[in-house]
Every structure is written in structure tokens, then in C-alpha cells.
Amino acid sequence: MTEHIVVVGGGTGGTVLANRLAERLGPEFERGAVDVTLVSDDRNHVYKPVFLYVPFGEKTVADAKRPLADLVDREITVEIDRVEAVDTDRKRLDLRDGGRMTYGHLVLATGTGLVPEKVPGLAEGGHHFYGPDGAAALRDELATFTEGHLVLSVIGTPHMCPAAPVEFVLMADDWFRERGLREDVEITYTYPIQRAHGIQSIADWASTTFEERDIRLETFFNADEVDPDAGVLHSMEGKELDYDLLVGIPPHAGSDLVTAAGLGDDGWADVDRHTLESPHAEDVFVVGDLADVPTSKAGSVAHYEAGTVADRLASRVRGQVPTATYDGKTVCFIESGMDEATFVEFEYGTQPTVRAPSKPIHWAKLGYNESYWLTARGLL
């Protein structure tokens, strides 16, 4: 009997997982003991960290995309469709185009989505760099922004790439200085809890750096309304910020599939943080941003989780007891300007040490961004 593994989502987690399965289960593929289908509603694979560089003219939107078919091992069946419903009792998926698909093992890796409409006025009055259209529009705004108040407001947590908002304001500070405009541009960064970042050591480093570079920090600022006509950002704490350019990191949402299938509340999937298995249904795993685990919603997390799940599924297919576990490993490069960066690495329950920013670390990050396509293929 052929074991059918279905992976839903063609982002980092889903693509790396599919390729790792092709690598680990080579003999099983050869004798027809396993079949892997990757279902994605986008023909392109998108590497979202590239969007941080688009507003500053360092990258283009096109640099973030590659055809999914070019990245996936030939053993993997790629279906371009959208999963509309998950029935974990029947082990069946309903597809947008009217078809149905059964599975023996299911991995959800659909990621998270942006929901700016949750904050009145945000879609009309704010910009962001968390998607292709937003990054391109922000690039055009920055190109003509020569004076005034730039406000970056992180609106709600969790959100993808937790360090990216910190990176953006530090890059903007440097970018304006290079152009001789910094004295005419005020920069404010807001965060919804009482520090600059969810991880204390990164928050401490960011706060010190902001102070050194004259970037105003507003903590415990939960934006709940934008007045585009007046150029005012309101918070539920009763604070107001006037702005000339608002970069608002929109609220994020999980997947309706998760809630409808009884796999978690509010769209975020409950999983065992070490095995990535759902406690609500047999033979269901979740990787990447969709999984509710106590670490960052970062690409490196999806990458390492995918490796764990690939090992566990390979054991299952072979009739063995899975032993691979995910320890929360997360790595993150953090730009501290246009030509320097730092680097952090941590696991569950640990605080990272923030290294002194340097040009070599910046170039290491750019190098990784270029080599990412090999990572997606499962080669790194």
C-alpha cells in the first residue's frame, strides 16, 4: 500500500519539507511505497525577507519570486490549487477547483496572512513592506520623502519576521543620513508591549541603539485607528501620534482551515512544540508561521521544523518509532543599517546574545539571501 503524504503550502516550510522527504525516502519512492503531493495556491515560491530591501531600492519584488516547480524535487507531485476544507476524520481535503484529495499524513504549512482591515483607516493611511504590493508602494513613498515624521508602528503580535520592524527603522535612519536628510526626518518606532521587541535581549539592544541614533521609542502602544486625512495614529491607551509617513505592520491572522477543522483557536494551530504534531487529529503536522509554538514566526523556524517533520514522517513510513524533535532553534540576521548587521541564535527557553553589528555579518546576511534558493531545494 502506498503512503500518501500531502503538504499544503508552497512557502519555506512546505517546500523544504517536500524536498527533504524526497531525499530521505528515496528507496521508498523507487518502489512505490510513498507518494508526496505539495498543494499550493501560488505557482511561485516567495521569499518574503527580500521585501525588507525593496523600499530602499536594494531589491525588486521580482527578486523574491521563483517558480515553485523549479524548486521542488521531481519525485514530488505539485498541485496548483487551494485547499478549502480539511476533514481530519475522513482524512480528506476539499479543493477550490471542486476536487477532493485523501491523505495518509497531512502537513499544513499555509503560513499567515495580513489583515489590515482590522484597524480602521490602516489600509488607506498606512504602508508596509510585508508583501509585494506594499513594499513597492513604500519604495515610491520613500523616494520622495525628504522631511517630516516617519512612524513605524507594530500593530499586534504575533507577526512574521519579528526583527524586521527594528531593521526597517535602523535602515531608514542610515538611508536618510546617507542622503543628508536625517535632520529633517523624525523617526518613531512603536511596539504593543512594554519593550521594543518580544525577546528581552533584542529589546535591550534595540532600545539602546534607538537612543544613540535619535529614534523615538513608544512602548505599550496598541494602535487601534488611523486617521488618514489628519495624519494621526490613535492607540487604545489614548495616545496619539501625528505622522507624515506611516509604516504600519498590519495585524496577522492564521488560517480559517485550522479553526474549521478543530485544530486550534483563532486560526493558529495547536501542536506539540517538539514534534509539531496536532493533539486534535491523528497524522496531522503543522510547520511554519501557522504553528502555535513559543518562538519566532521566522523562516529559519519553518526550515528547522520541516527537517524534524521530514524525519518523523520518514520513520512513520518505514514502520519505525519517530525520535526526531525540534528544540526551538531559531537563527536571525538583524540589519542595523544599510551596511552593518548583527546575528542571534536561540532555542526554547533561552535568551540570545546580540553580537556587535559589523559589515561582515551584513554581507553574510546578503549572501544567505542569495543562497536561500538552494535551501528551499533542500541542498543546504
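1. In this predicted model, a search of the whole structure returns zero disulfides. C161 takes part in no disulfide, and the cysteine sulfur nearest to that of C161 belongs to C332, 7.7 Å away. Because a disulfide requires two cysteine sulfur atoms within 2.5 Å, the separation of 7.7 Å between C332 and C161 is too far for a bond. C161 is partly exposed, at 26% relative accessibility, and C332 is likewise partly exposed, at 23%.

2. D173 pairs with R177, their closest N and O atoms lying 2.9 Å apart, and both residues belong to helix α6 (residues 164-178), where they are four residues apart, or about one turn of the helix. D173 also meets the side chain of R182 in a salt bridge, at 2.6 Å from N to O. R182 is buried, with a relative accessible area of 9%, whereas R177 is partly exposed at 42%.

3. A further salt bridge joins the side chains of R316 and E277, with an N to O distance of 2.8 Å. R316 sits in helix α9 (residues 299-317) and E277 in the loop between β19 (269-270) and β20 (284-286), so this pair ties together parts that are 39 residues apart in sequence. E277 is buried, with a relative accessible area of 18%, while R316 is partly exposed at 24% relative accessibility.

Conventions: Residues are numbered from 1 along each chain as its sequence is written. This is a predicted model: local features need pLDDT of at least 70, side-chain atom pairs count only at pLDDT 80 or more; totals for chains, interfaces and linings use all residues. Side-chain values use heavy atoms; hydrogens and water are left out. Buried means under 20% relative accessible area, exposed over 50%, partly exposed in between (1.4 Å probe, protein chains only). A salt bridge is a side-chain nitrogen of Lys or Arg within 4 Å of a carboxyl oxygen of Asp or Glu. Helices (H or I, at least four residues) and strands (E, at least two) are DSSP runs, numbered from the N terminus.
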